[in-house]
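Here is a friendly briefing to read alongside the fold. Please keep the viewer open as you go.

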Amino acid sequence: MNQMLRMTAAAGFAALATGAFAQTKWDMPTGYSDGTFQTQNVRSFVDDVARLSGNKLAITVHSNGSLVKMPEMKRSVQSGQVPMAEMLVSVLSNENAIFGFDSVPGLVGSYAEARKLYNAARAQLAETLDKQGLVLLYSVAWPPQGVYTAKPITALAELKGTKFRSFNPATARFAELIGAVPTTIQVPEIAQAFRTGVLDAMITSGATGVDSQAWDFLKYFYDTQAFLPQNIVIANKRAYSALPDDVKTAIQNAAKTAEDRGWKMSEELNGTHKKTLAEKGINVLPPTDAMKAELKKIGETMAAEWAKRAGAEGEKILAEFRK
């Protein structure tokens, strides 16, 4: 018996020496369901962190806003309530215009351009978050945004007076510029909002349309490709800094992989999502000439407003993007 106890104790000390009992556990909220590619990518990210860190860091994902709702995520990470979260960066743009770099209609027209814009903005974005006690780990774009309606339209002006979903300050401003009433609704509540008459129309991606099963309450999707909003994954700077160097390296390597994988997933799924919408009964249509003209005008207005609010920092991002 004594021999067995000595062997057990020796094994325990060996485990401590190798860090087997030094596991750190983090919670990570995200506002999206398990069916979205963003959440699937997040889950692959946390699996990679566990593997690359030798299981020294275990991250539990809480999807669909079940732990923290989207509007509270940044504050929750800053305060240390949770050490990490995934969120839509543009929901923060009222706080600082830099956070709205990705949501100016017409500024980018492809994934390549969206990635170039992100690369131009990344250093400024990371610096702004760092000053707020946060670490930027990675960002992934959603597919291009299109307009969903219950009835066919030939111009955005026909949506005047409708209750139009907004999910960030940019989409609220977009709604105002077409004469609609901006109504803030998070992704998990979209279906209920349409069914109960809280919403009449929205601008969002094919991915969100599929995730919310938009065919149950809407009939038209106009593929305006207005902009490609981005999700960011952030960590509490103090919690991150307290990690061993090898774990921080694991996080950074996993983040780089997740960013590349996520952008690729988004682009590959863009066509698939639109195909699914069509198969389920949604009329997937290109924007009319009138819509294109309206979007151009709206984009010019919002770009000027963003540049004014973003100041010299915004000018630097745009100059880098336009090189």
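Buried residues of α10 are M291, E294, L295, I298, G299, M302, W306, A310, G314, I317, L318 and F321, where buried means under 20% relative accessible area, exposed over 50% and partly exposed in between (1.4 Å probe, protein chains only). This is a predicted model, in which local features need pLDDT of at least 70 and side-chain atom pairs count only at pLDDT 80 or more, while totals for chains, interfaces and linings use all residues. Residues are numbered from 1 along each chain as its sequence is written, and side-chain values use heavy atoms, with hydrogens and water left out. Helices (H or I, at least four residues) and strands (E, at least two) are DSSP runs, numbered from the N terminus.

**More on α10**

- The cover over the buried residues of α10 includes α4 (111–131), α5 (169–177) and β9, with contact meaning heavy atoms within 4.5 Å.
- Helix α10 (residues 289–321) has 33 residues, yet its end C-alpha atoms are only 27 Å apart, short of the 48 Å that a straight helix would reach; that expected span is 1.5 Å times one less than the number of residues.
- At G311, α10 bends by about 120°, the bend being the angle between axes fitted to the seven residues ending there and the seven starting there.

**The six-stranded sheet**

- An open sheet of six strands has the order β7-β6-β8-β5-β9-β11, with mixed pairing; two strands pair if DSSP finds at least two bridges between them.
- Its edge strands, β7 (181–184) and β11 (283–285), each pair on one side only.
- On average, neighbouring strands of this sheet are turned by 30° against each other, direction ignored.
- Strands β5 (residues 145–149) and β8 (residues 201–205) run antiparallel and are joined by four bridges, and T204 in β8 stands opposite G146.
- Lying across β5, β9 (220–222) and β11 is helix α9 (residues 245–279), which runs at about 135° to β11; axes are lines fitted to C-alpha atoms, for helices over the stretch in contact, and angles run from 0 to 180 degrees between N-to-C directions.

**Strand β10**

- In strand β10 (residues 230–236), seven of seven residues are buried.
- In a regular strand the side chains alternate between the two faces of the sheet.
- Both faces of β10 are covered, with Q230, I232, I234 and N236 buried on one side and N231, V233 and A235 buried on the other.
- β10 pairs with strand β3 (residues 84–88) in the antiparallel sense over five bridges, and M87 has I232 as its bridge partner.
- Strand β4 (residues 134–141) also runs antiparallel to β10, joined by seven bridges, and A141 stands opposite Q230.
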